Amino acid sequence: MKFLIIGLGNIGTEYEGSRHNIGFMVVDHLAKKNGATFTTQRYASVCEIKYKGNTLILIKPTTYMNLSGKAVNYWLSCEKIPIEQSLTIVDDLALDVGQIRMKSSGSDGGHNGLANIAESIGTTKYPRLRFGIGNNYAKGFQIDYVLGKFSQEETKIIDPKLDMAGEMIQSFTFAGITNTMNLYNNK
């Protein structure tokens, strides 16, 4: 089977390592661990890895966060992958730094990337991996916080969680979303 694994983020060196780019960081980490290299293709940087007989197509949309749906819709259609065989990795302010939760569907929670995906594919019922970035910012400074870089202390928490996120992605493609949620969501 084929799966589309979508890491959300913004392209450009000014966004590298930002909290908002944790989706890019997760798929970059998974690609590197599997010896895969991204190439720039239509609407996304793309690479492919194999896991237990399945093909995982990893994408990092090049459309910027707020237009991520364009890339997701294109690659789902291009690869003929059903929405339930996709997984969107996204930053989440509602979770503590390094907390990871998989969900089978849900609202966008005010996240413009998720809102655009739902608008583009016509449903909020698509799997996502929410990666906590915390919410340690003063009122009115959410954008600065989200687009800011992780602190050294946060990086010490995040780095090992990149491995866990990769394990969760692989589990999703092999064991399914329910088993993966049961196994990992309370860790």
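Predicted model: local features only at pLDDT ≥ 70, side-chain atom pairs only at ≥ 80, totals over all residues.
User: What does the C-alpha trace span along its principal axes?
Analyst: About 45 × 30 × 30 Å.

User: And how much of the protein is buried?
Analyst: Buried residues are 50% of the 187. Buried means under 20% relative accessible area, exposed means over 50%, and partly exposed is in between (1.4 Å probe, protein chains only).

User: OK, how many helices and strands are there?
Analyst: There are 6 helices and 7 strands. Both are DSSP runs numbered from the N terminus: helices are H or I with at least four residues, strands are E with at least two. Starting at the N terminus, the order is β-α-β-β-β-α-β-β-α-β-α-α-α.

User: What share of the contacts comes from residues 24 or more positions apart?
Analyst: They account for 70% of the contacts with a separation of 6 or more. A contact here is heavy atoms within 4.5 Å.

User: Let's do helix packing. How do α1 and α5 cross?
Analyst: The axes of α1 (residues 22-33) and α5 come within 9 Å and cross at roughly 75°. That makes α1 roughly perpendicular to α5. Angles of 65 to 115 degrees count that way, under 35 is roughly parallel, over 145 roughly antiparallel, and the rest oblique. The axes are lines fitted to C-alpha atoms, for helices over the stretch in contact, with angles from 0 to 180 degrees between N-to-C directions.

User: Which residues meet there?
Analyst: From α1 you have I22, M25, V26, H29, L30 and K33, and from α5 there are I158, L162, D163, A165, G166, I169 and Q170. By class, this contact has 8 nonpolar, 3 polar and 2 charged residues. Ala, Val, Leu, Ile, Met, Phe, Trp, Tyr, Cys and Pro count as nonpolar, Asp, Glu, Lys and Arg as charged, and the others, Gly among them, as polar.

User: How do α5 and α6 cross?
Analyst: The axes of α5 (residues 152-175) and α6 (residues 177-184) come within 7 Å, crossing at roughly 145°. M164 and F172 of α5 and I177 and Y184 of α6 are among the residues making the contact. The contact divides into 6 nonpolar, 3 polar and 1 charged.

User: Switching topic: how many disulfides?
Analyst: The structure has 0, a disulfide being a pair of cysteine sulfur atoms within 2.5 Å.

User: Last one: what's the phi of K52?
Analyst: Positive, about 45°, although K52 is not a glycine. K52 sits in the loop between β3 (44-51) and β4 (54-61) and counts as exposed at 51% relative accessibility.

User: And where is Y64?
Analyst: Y64 is in the loop between β4 and α2 (68-79). Y64 has a positive phi of about 70°, again without being a glycine, and is partly exposed at 39% relative accessibility.

Terms used: Residues numbered from 1 in each chain as written. Heavy atoms only, no water.
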